[in-house]
Amino acid sequence: MANPAAVAYVYKGVDSKGAKVQGEVSGTSSALVKAQLRKQGIIANRVQKKPKPLFGGGKKKVKPGDIALFTRQLATMMKAGVPLVQSFEIVADGLDNQGLKDLIFTIRDEVASGTAFADALRKHPLYFDNLFCNLVASGEQSGALETMLDRIATYKEKTESLKAKIKKAMTYPLAVVVVAIIVTSILLIKVVPQFAETFAGFGADLPAFTQFVVNISEWMQAYWFIALFSVIFSVGGIIEAKKRNRSVAQFFDRLMLKLPVLGPITYNSIAARFARTLSTTFASGVPLIDALKSVAGATGNCVYEQATLKIRDSVATGIPLNSAMRQSGLYPVMLVQMTSIGEESGALDEMLGKAADFYEEAVDNAVDNLTTLLEPMIMSILGVLVGGLLIAMYLPIFQLGKVI
């Protein structure tokens, strides 16, 4: 049977000195909250669930970037010598995101009750993946939790920065396509029919290009909703199929790697994630075979996930990591060579970290170049679409002028 989820409670009572106190705490029931407060020396006279706001959803969604910020602040607090439970309270008090604040208070209560930090995190897999929890567990066992949290924070920050760059590269072309479709649709549905009514009084055949545009306009006026829903359902269907069907996911992941401009960006981003994740886990004392399992899930691409798992199997049989990577034929030559140097020198984590920096910078430069190249391309696409429609509408007028 699943444990009930913790919710926020507000309380009023008196402390051990008889002073009136009130506040907010997370718990699974009012009785457990009262027991928890008694351990802190507070006799609660009133405990009730925190009322939800009348308007709005109340809590903001907890994003990966919020988890990275929480990890960084927690690492800073612990490095300053602040105890773990108190660090939770200090970090939570400085947050505006109520959802993240409630999550931190829940983890704080679990840790305060004697649960290991890593075990408390594992109860929230939506926010803390296996890699995060395993690294925290390693830090607790080695007695260097603050150092481990600092490494995790750096890893999360680098990862989220890379994701933001990839989203920027993907969003810009998509925005261009959407704007072009919207502008063209408005012209076809609202503007072209006005010209078509005028042309109807000419009593002459329209130029082929103009007639073609008018036919498209008439179809759009009659069936625009079918076109809209077809696009929505097609996009939604592809997204769901990619999530549910591994073969579909592999097809699109391979396609993404072959695209002219976005392919190299995706390729470098995978290399950066591979190197960054493996560097962080290996430096944290995680065995190489276990680290490669975490790396496989962090690549973000089905093709490279399978390749990394095969590399892990090869390494388990005694083959050097760089040889297994070279045999796969998927990883950049520079990354393979850096891995080879790291294995030979005994500084694999350091060399992989440098490789990750290189490929992250390559992604950053590629995204900036893509943005620069797309600006004139946007003007060209919109110019061709809008200009083509205008030419189609004015061709009959030009021909009429010649006749006169």
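A residue is called buried when its relative accessible area is under 20%, exposed when that area is over 50%, and partly exposed in between (1.4 Å probe, protein chains only). By that rule Cys133 is buried, with a relative accessible area of 2%. The model is predicted, so local features need pLDDT of at least 70 and side-chain atom pairs count only at pLDDT 80 or more, while totals for chains, interfaces and linings use all residues. Residues are numbered from 1 along each chain as its sequence is written, and side-chain values use heavy atoms, with hydrogens and water left out.

**Cysteines**
- Cys302 also counts as buried, at 11% relative accessibility.
- The whole structure holds zero disulfides, a disulfide being a pair of cysteine sulfur atoms within 2.5 Å.

**Helix 3**
- Helices are DSSP runs (H or I, at least four residues), numbered from the N terminus.
- In helix 3 (residues 84-93), the buried residues are Leu84, Ser87, Phe88, Val91 and Ala92.
- These residues lie on the same side of helix 3, because they cover an arc of only 125° around the axis; the arc is that of the directions from the helix axis to the C-beta atoms.
- An α-helix has 3.6 residues a turn, so residues three or four places apart point the same way.
- The cover over the buried residues of helix 3 includes helix 2 (64-79), helix 4 (98-112), helix 5 (117-122) and helix 7, where contact means heavy atoms within 4.5 Å.

- Val82 lies in the loop between helix 2 and helix 3 and is buried, at 18% relative accessible area.
- Neighbours within four places in sequence aside, Val82 is in contact with Met77, Ser87 and Ile90.
- Between the C-alpha atoms of Val82 and Arg244, which are 162 residues apart along the chain, the separation is 45 Å.
- Glu160 belongs to helix 7 and is buried, with a relative accessible area of 19%.
- With neighbours within four places in sequence left aside, Glu160 is in contact with Pro64 and Gly65.

**Cavity**
- A cavity is a set of points, on a 1 Å grid over the protein atoms alone, where a 1.4 Å probe fits but cannot get out; lining residues have an atom within 4 Å of a point.
- There is one cavity of 30 Å³ or more, and the largest cavity has a volume of about 30 Å³.
- The largest cavity is lined by Leu187, Val191, Val192, Leu389, Leu390 and Met393.
- Helix 7 (145-200) and helix 15 (348-403) are the elements that give two or more residues to this lining.
- The lining of the largest cavity has six nonpolar, no polar and no charged residues.

Terms used
1 Å grid on protein atoms, 1.4 Å probe; cavity = no way out; pocket = protein on both sides within 12 Å on 5 of 7 lines; lining within 4 Å. Points joined across faces, edges and corners; volume = space filled by probe spheres on them. Nonpolar A, V, L, I, M, F, W, Y, C, P; charged D, E, K, R; others polar.
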